[in-house]
Amino acid sequence: MRRFLLVVVVTLLMSACSNAVDATIAPTAPQPTAQATATRASPVSPTTTSTPTPAVSPTQPEPSAQFTATPVSPTPTTAPEAQINCVSPATLTPALTAGPYFTPNTPERTSLLEPGMSGTKLVLTGYVLTQDCAPIAGARLEFWQADAQGVYDNAGYTLRGHQFTDAQGRYTLETVIPGEYPGRTEHIHVKVQAPDGPELTTQLFFPDQAANQTDRIFNANLVLTLTPTEDGQSAECNFVVLKE
Ligand code: FE
């Protein structure tokens, strides 16, 4: 028996915080129109199918008509890990100012939560990617932010930390949704750097904030899409950076 696996990808997905990474595609099947899609559409169910081949004898030619890209009955496939919301060539994540409150030498940790910390819990996940949509393992991410009252810890490391993407290029951050402070809408600062790449400094924003309209640094391409969870909110955000 021989099998030919044909992958049909029809998914257009929404970006969490960058319209550079909107659609789920196969690496060999770029969808040029995806860049122009709105950033808030709901993900379409991925349709990844394979076309089983009927059993044939080794000497019997297989009719070519069997092998089409037409979706067939559900067949278990293994590809979720390979599906990343990205359209190649992806636009680099926009850079924004670091602002005055960066502190170096932060602890390495994926959770900035501490006992007694007030605010709404936020779990932020995503990939660090090249412009070819390739995940970058070992990329460094540095997060810092104000607390839920809009106050930075400029003496210590509260709500500050760095981490590295795993072997799949993925990261997870546990934190709280920051508060506004004078002149600034809600935002999280982040630096992202591939192992041999330049450092990207940018900020992430939150939807439906009145102060987004007056904040001079605000960038609509960097707004998170929040999803309610049992104990807070979650969001996905992929960063597209230069690899070297
Ligand atoms: Fe800030």
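Which residues are linked with Lys 121 in a network of salt bridges? The network joins Lys 121, Glu 174 and Asp 231, a salt bridge being a side-chain nitrogen of Lys or Arg within 4 Å of a carboxyl oxygen of Asp or Glu. The model is predicted, with local features needing pLDDT of at least 70 and side-chain atom pairs counting only at pLDDT 80 or more, while totals for chains, interfaces and linings use all residues. Residues are numbered from 1 along each chain as its sequence is written, and side-chain values use heavy atoms, with hydrogens and water left out.

The structure holds 7 salt bridges. Strands (E, at least two residues) are DSSP runs, numbered from the N terminus. Lys 121 has a relative accessible area of 21% and is therefore partly exposed; Glu 174, at 27%, is also partly exposed. Buried means under 20% relative accessible area, exposed over 50%, and partly exposed in between (1.4 Å probe, protein chains only).

A further salt bridge is formed by Arg 109 and Glu 114, whose closest N and O atoms are 3.8 Å apart. Arg 109 counts as partly exposed at 22% relative accessibility, and Glu 114 counts as partly exposed at 32%. Glu 199 and Lys 191 also meet through their side chains in a salt bridge (3.4 Å, N to O). In this pair Glu 199 is partly exposed because its relative accessibility is 45%, whereas Lys 191 is buried, with a relative accessible area of 11%.

The iron ion is coordinated at 1.9 to 2.2 Å by Tyr 152 (OH), Tyr 181 (OH), His 187 (NE2) and His 189 (NE2). Donors are N, O and S atoms within 2.8 Å of the metal (3.2 Å for Na, K and Ca); water is not among the atoms, so sites may look incomplete. The donor residues follow the sequence spacing Y-x28-Y-x5-H-x1-H. Angles of 91 to 154° are subtended by the 4 donor atoms, so the arrangement is irregular. Four donors count as tetrahedral if all angles lie between 85 and 135 degrees; four count as square planar and six as octahedral if opposite donors are over 155 degrees apart and all others between 65 and 115; anything else is irregular. Both His 187 and His 189 are buried.

Gln 145 lies in strand S2 (residues 140-145) and counts as buried at 1% relative accessibility.

The largest nonpolar core has 29 residues, of which Leu 124, Phe 143, Val 192, Leu 204, Leu 224, Phe 239 and Val 241 touch the most other members. Elements giving two or more residues to this core are S1, S2, S4, strand S5 (187-193) and strand S6 (199-205). A nonpolar core is a set of buried Ala, Val, Leu, Ile, Met, Phe, Trp, Tyr and Cys residues joined through side-chain atoms within 4.5 Å.

Definitions and conventions
Helices (H or I, at least four residues) and strands (E, at least two) are DSSP runs, numbered from the N terminus.
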